[in-house]
Amino acid sequence: MTDQEALLQATELCKRYQRGGGAFAARGARNTFAAVDRVSLRIAAGETFAIVGESGCGKTTLARMLLRLIEPDSGKIIFAGRELTALSSAELRRARRHLQMVFQDPYASLNPRMRVSQIVAEPLEIHEPALSRAERQERALAMLRRVGLNDEFATRYPHEFSGGQRQRIGIARALILRPRLVVADEPVSALDVSVGAQMLALLRELQQEFGLTYLLISHSLPVVAQVATRIAVMRAGAFVEVGDAEQVLRQPQHAYTKELLAAVPELPQVTA
Ligand SMILES: Nc1ncnc2c1ncn2[C@@H]1O[C@H](COP(=O)(O)OP(=O)(O)OP(=O)(O)O)[C@@H](O)[C@H]1O
Ligand SMILES: [Mg+2]
């Protein structure tokens, strides 16, 4: 793959859902709406591509389609030169190790009955069955240390951790397979601002260290401004503006982007 090629490329992705419920829940195209409406994007290796937009604009639906956790109604997705939308389910399972997700609510995504080291080691059981139990455990401990949790935490259960620590566990689990792309859907919105800022700093360090590409989803421009290299502004299922972070934040072109920016008293320095 050359530098010019995108790591992830999506073309005209669409997803429609039934509107509401009750009396209007009858079937038919008129009773559906486009949660994602012809979205195209290109994410280059090493960048942090952020999607920002208000609640309900379709961010999560889009992210889940990009990983084929939800089937698109139409459109095409190419990851590392392979068309994800054309893979069989067995091929997709193998490809998944390169595409990992970090969730908004780490607690809901961690099995409460498993010790933290098991939670982090679990993806290795599935994708690297040749490893011994001891090797899996050692890799899990090393990854936990890397995200700031030393060995004494490894035998504990998720409920014993703070929100920020749980997010670190979620990140360790996402990174244990050394993915190429990490999709983080509102990774800091459940955290205090200062804990969230630490988490974003950690994500940035890990990006350098492991050569990661990020797709970051957030409703918050200040969060996006801390880490994005490129920003897509999403509204009602579609991108209204896409550009370099600096450009979108300092010289927004679209009225909706200007509106979002006006609602934020001050933005942190753009680091990209
Ligand atoms: N499985 C589903 N069935 C029907 N409608 C859905 C489904 N999933 C999402 N929607 C609707 O699609 C729209 C987009 O939802 P989505 O969760 O993608 O938005 P979002 O931008 O991630 O919002 P938030 O910031 O609140 O997480 C919303 O109107 C939502 O109610
Ligand atoms: Mg969402």
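1. The sheet is open and holds 4 strands in the order β2-β1-β4-β5, with antiparallel pairing. Strands, runs of E of at least two residues, and helices, runs of H or I of at least four, are DSSP runs numbered from the N terminus. Strands pair if DSSP finds at least two bridges between them.

2. This is a predicted model: local features need pLDDT of at least 70, side-chain atom pairs count only at pLDDT 80 or more, and totals for chains, interfaces and linings use all residues. Residues are numbered from 1 along each chain as its sequence is written, and side-chain values use heavy atoms, without hydrogens and water.

3. β2 (32-43) and β5 (82-83) are the edge strands; each has a single partner, so one side of each has no neighbour in the sheet. β5 pairs with β4 (residues 74-79) in the antiparallel sense over 2 bridges. In this part of the sheet, Phe 79 stands opposite Arg 82 of β5.

4. Helix α1 (residues 59-66) lies across β1 (8-18), β2 and β4, and runs at about 125 degrees to β1. Axes are lines fitted to C-alpha atoms, for helices over the stretch in contact, and angles run from 0 to 180 degrees between N-to-C directions.

5. The axes of α3 (residues 116-127) and α4 (residues 133-146) come within 8 Å and cross at roughly 120 degrees. Residues in contact (heavy atoms within 4.5 Å) include Val 116, Val 120 and Leu 124 of α3 and Arg 136, Ala 140 and Leu 144 of α4.

Conventions
Chains lettered and ligands numbered in written order.
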